[in-house]
Amino acid sequence: MSRERGGADHLKDEAARAAREAADEVYRAILSRAPEQDIDPSLDRVRDVLELLGDPQRAFRTVHLTGTNGKTSTARMVERLLREHGLRTGRFTSPHLTRVTERISIDGEPISDERFVEVWQDVAPYVHMVDQQHLERGGQRLSFFEVFTVMAYAAFADAPVEVAVVEVGLGGRWDATNLVDAEVAVITPIAMDHERYLGDTLVEIAGEKVGIVKDGATLVLAHQTDDVEGVVLAAAAERGARVVREDVDVAVVDRQVAVGGQLVALRGLGGVYTDVFLPLYGEHQAHNALLALVATEALLTGGAALDGAVVEAAFADVTSPGRLEVVRSSPTVLVDAAHNPAGAEALVDAVTEAFEFTRLVGVVGVMADKDPEGILAALEPLLAEVVVTQASTSRALDVDDLAEIAVDVFGEDRVHVAARLPDAIDQAVQRAESEAEHGAGVIVTGSVLLVAEARILLGRE
């Protein structure tokens, strides 16, 4: 009997390995396309493929999210709230941390390797057909992100899901996801990021992001600067959208640090929800929770109160990997996907509030198209020392270039260099523990890709 069971397990392992290899092969093929940060402002390619597929994006209701920071955490909270209400959900977020299948989740779980391959096989003939049509007209093939958007919408329609929670890849107006007719749009705080693609001012960036708001939709708007809010409100008025503003119509009423997260009181459209435990750190996550709650109210009831017990159960089960996540103890090692100055500032506030480090050393790597000086300047008051490194991607800022900037910000004595991330983490751990018997810690941040690699190194697959 044991031999039979062992044989069955072996066959299962072999099947899983084969499925993973097949999914990886598909992923490599899609990676050969234009990368997701290489934007060609057109929805035509995605629209053409979706029309050939029968417009799967119209088969489900949608909550669509944009903004600069907080999109993925907020999307995960919306999805968890909807699922707690008994709805079948799809969630499309980017980038991924461990496996590409994380980008397309159904009922809170990434699609399987087998399903990933099946969805690609379903859409591939139509993708190739549209590729050819556009190339013949002097245009481009679908990009990496455009293909993934098509796959997500096809997978959601086929499941079928009742509601999809969709995070934009970049911007809004020209983002590949922007072919859904979302009933609810969410705009998280807008800050400077991706200036090369979205504009050099907050007003220009806001003009791109508000492009996800559809005629007659409800827009849930995080607190913004006055000029950004003006742009967004004007665009929403043109589209006849209902706008729900943070700190005007809804608000975080109270929050208290708690073990493993925080207790929050949220004033939504339907009333105040008190003593809600959120197992995430930082004031920014409380505000993300508010946006998620209000978006769910707007979608499910039009603004009436949700069942408080259901809301509490959903929030208590929320996770947001790579967002101020503890991945090791003795010493504590945190990872956080902050990759712009605003994200780094939120990180500093959250760590200061929720942890009692006597000595914290940073491991920082930044993408070449980001603002390394702004990120490092935001982190400087928090960190005793910094070890600069780089993720294993051609997009990463060279470690020596980052070191020069870090010396300007921290001073030469506080900056160390390790080109390889494993060496950087080892060095940071040693430096954190060298002068602190208790309360030593390390934080890895500056780039989503760096955090993804750190999580894998530290066993968080």
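Which residue with a positive phi follows helix 15? That residue is G459, with phi near 85 degrees. Helices (H or I, at least four residues) and strands (E, at least two) are DSSP runs here, numbered from the N terminus. The model is a predicted one, where local features need pLDDT of at least 70 and side-chain atom pairs count only at pLDDT 80 or more, while totals for chains, interfaces and linings use all residues. Residues are numbered from 1 along each chain as its sequence is written, and side-chain values use heavy atoms, leaving out hydrogens and water.

Within the helix, V448, L450, V451, A452, A454 and R455 are buried (under 20% relative accessible area, with exposed over 50% and partly exposed in between, for a 1.4 Å probe and protein chains only). Their cover includes helix 14 (421-434) along with strands 12 (325-328), 13 (332-335), 14 (359-364) and 17 (440-445).

Those strands belong to an open, mixed sheet of six, ordered 12-13-17-14-15-16. Strand 12 and strand 16 (415-417) sit at the edges with a single partner strand each, so one side of each has no neighbour in the sheet. Pairing here takes at least two DSSP bridges between two strands. Strand 14 and strand 15 (residues 385-388) run parallel, joined by four bridges, and V361 has E385 as its bridge partner in strand 15. Helix 14 lies across strands 12, 14, 15, 16 and 17, at about 165 degrees to strand 14; such angles run from 0 to 180 degrees between N-to-C directions, with axes fitted to C-alpha atoms, for helices over the stretch in contact.

Elsewhere, helix 11 (residues 341-354) packs against helix 12 (residues 372-379) at about 10 degrees, axes 8 Å apart. The two helices are therefore roughly parallel (angles under 35 degrees; over 145 is roughly antiparallel, 65 to 115 roughly perpendicular and the rest oblique). The contact (heavy atoms within 4.5 Å) involves P341, A344, E345, L347 and V348 of helix 11, and G374, I375, A378 and L379 of helix 12.

Then there is strand 10 (residues 261-267), with five of its seven residues buried, so it is largely enclosed by the rest of the structure. Strand 10 pairs antiparallel with strand 9 (residues 251-258) over seven bridges, and five bridges join it, again antiparallel, to strand 11 (residues 272-278). In the hairpin of strands 9 and 10, G260 has a positive phi near 80 degrees; in that of strands 10 and 11, G271 has one near 140 degrees.
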